[in-house]
Amino acid sequence: MRSETLFDEDGHRWLAFGRDPNKRDSVIDTNEYVILSDGKALILDPGGIEVFPEVLSAMTRHFDTHQIEALFASHQDPDIISSLPMWLDLCPGVKAYASWLWRSFLAHFAMGRDADILPVPDEGMTLTIGPKKRRVELIPAHYCHSSGNFSVWDPTAKILFSGDIGAALLPDHEYNFYVEDFAKHVEYMRGFHLRWMPSRPALQSWVKKVRALQPNMICPQHGAIFRGEDVGRFLDWLDTLEVGQIHW
Ligand SMILES: [Fe+2]
Ligand SMILES: [Fe+2]
């Protein structure tokens, strides 16, 4: 599994993990992200059980498991959080944040540690990481695509983690962590968004909120990262995309 440092300033780092060349074709490719702030780690969408050994091995090249303070699940899907019981088992005391809507569903694979799944209210909340208590905001992204869904905004790094919003299904030869040719990239995103995003008003509301934040990067859970001018290009594309249509 490959990794990339997205931001590194004053003890505050963003790491991206993904593009495992040994991943089985039947398992959808995912990106996992870590905010490592003054020695403490918050893992964003830690991934599925199937990729857990590779994710763990890649992450522990950068930090030890005792440094993990919290996990965050943007929503309930297996590719997002079915590794939860492994992380809870490995990291005593770690807390997992997810929408209140999914808490009692995720408890089905919490192996008795459902008290460590902390509910995020619909309006979102602030998390802090590490001894300096650096702030990140959990921003509502409901119906994009899950009915209880959040993005993560880091005002220090000016990076937004978008979960499945902005996801792309890349062919095997596309190894780059960043979008390189936006026009071409749209073709990898369109089908995913048309099928998985049920609500245009919900997407447009999310776009409006994200534009106001002026992120330097938008990091999805599948596919490549938008940075620089591609952030605006992506938001413009999403704002006009007619999702939620019935084609059959
Ligand atoms: Fe999903
Ligand atoms: Fe996903």
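Which residues point one way from β3, and which the other way?

1. Glu32, Val34 and Leu36 point one way from β3, Tyr33, Ile35 and Ser37 point the other way, and all are buried. Buried means that 20 or more other C-beta atoms lie within 10 Å of the residue's own, exposed that 12 or fewer do, and partly exposed lies in between, with C-beta atoms placed from the backbone. The strand spans residues 32-37 and is mostly covered, 6 of its 6 residues being buried.

2. This is a predicted model, in which local features need pLDDT of at least 70, side-chain atom pairs count only at pLDDT 80 or more, and totals for chains, interfaces and linings use all residues. Residues are numbered from 1 along each chain as its sequence is written, and chains are lettered from A and ligands numbered from 1 in the order in which they are written.

3. The protein chain has 7 helices and 13 strands; these are DSSP runs numbered from the N terminus (helices H or I, at least four residues; strands E, at least two). Its radius of gyration is 17 Å, close to the 18 Å that the globule rule gives for 248 residues, so the chain is as compact as a globular protein of that length. The radius is taken over C-alpha atoms, and the rule is 2.2 Å times the number of residues to the power 0.38. Of the 248 residues, 44% count as buried.

4. β3 pairs on two sides of the sequence. Strand β2 (residues 12-18) runs antiparallel to β3 and is joined to it by 6 bridges, with Ala16 opposite Tyr33. Strand β4 (residues 40-44) is also antiparallel to β3, through 5 bridges, and here Leu36 stands opposite Ala41. Pairing requires at least two DSSP bridges between the strands. β3 and β4 form a hairpin with 2 residues between them, and Asp38 in the turn has a positive phi of about 50 degrees.

5. The largest nonpolar core has 69 residues, and Val34, Leu42 and Cys219 have the most contacts inside it. Such a core is a set of buried Ala, Val, Leu, Ile, Met, Phe, Trp, Tyr and Cys residues joined through C-beta atoms within 7 Å. Beyond four places in sequence, Leu42 touches Val34, Ile35, Glu69, Ala70, Phe72, Leu127 and Ile129; contact means C-beta atoms, placed from the backbone, within 7 Å.

6. Gly11 lies in the loop between β1 (2-9) and β2. Gly11 is partly exposed, because 13 other C-beta atoms lie within 10 Å. Apart from neighbours within four places in sequence, Gly11 is in contact with Ser37 and Asp38.

Note on methods: Contact = placed C-beta atoms within 7 Å.
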